[in-house]
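Okay, thanks for coming, everyone. Let me put the model up and then talk through a few spots.

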Amino acid sequence: SLERENSLMFEALETFQEALLSANPVLRRKLVAAIQTIAIRSGEPYQRRCYLMLKKASFESTCASRHVIGQTVSLLEEMFSMQRLFASKAASFGAEPGQWPETEVALVRTLHAGLIDALSSICFIP
């Protein structure tokens with residue numbers, strides 16, 4: 001069931017978070033990569049949970065991993081901003097972008113393409 005799947009994902013994320021605190025640097029990088037991928041490729045509530053985990057980890061990390069985590073946190077913030085922008089445009093112009101003024105579609109298309117390029121540097125985006 002969906003509720004069970006949600007529970008299992010939250011348990012996995014909790015395990016990742018606990019491991020981040022005590023992992024050696026190699027395992028820590030792998031955990032960060034896994035959390036980054038889940039944050040980018042999953043929907044809510046996992047995106048927000050992973051974002052908060054990475055944000056917390058950035059304060060507890062060495063300089064090298066802090067930089068990588070910080071870049072991901074910034075990209076996730078940009079992704080959340082893009083989601084808010086799209087929701088705002090949908091509220092103003094309707095849910096179908098085909099009905100929006102062309103300038104608005106062009107703006108969102110350009111921002112979206114840039115974000116996808118940036119996120120693709122972290123993990124595969126289908």
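I'll go through the core, then the aromatic pairs, then a glutamate.

Quick housekeeping: this is a predicted model, where local features need pLDDT of at least 70, side-chain atom pairs count only at pLDDT 80 or more, and totals for chains, interfaces and linings use all residues. Residues are numbered from 1 along each chain as its sequence is written, and side-chain values use heavy atoms, with hydrogens and water left out.

So, the largest nonpolar core: 28 residues, with Leu54 and Leu76 having the most contacts inside it. By nonpolar core I mean buried Ala, Val, Leu, Ile, Met, Phe, Trp, Tyr and Cys joined through side-chain atoms within 4.5 Å. Buried is under 20% relative accessible area, exposed is over 50%, and partly exposed is in between (1.4 Å probe, protein chains only). Past its neighbours within four places in sequence, Leu76 is in contact (heavy atoms within 4.5 Å) with Ala39, Ile40, Tyr51 and Leu54.

Now the rings. Phe, Tyr and Trp (its six-membered ring) pair if their centres lie within 6.5 Å; planes under 30 degrees apart are stacked, over 60 edge-to-face, the rest tilted. That gives four aromatic pairs. Phe10 and Tyr46 have centres 5.2 Å apart and planes at 50 degrees, so they're tilted. Phe10 is partly exposed at 27%, while Tyr46 is buried at 10%. Tyr51 and Phe80 sit 5.4 Å apart, centre to centre, with planes at 85 degrees, so that's edge-to-face. Both Tyr51 and Phe80 are buried.

Last one: is Glu104 buried or exposed? Buried, at 17% relative accessibility. Not counting residues up to four places away in sequence, Glu104 touches Lys89 and Phe93.
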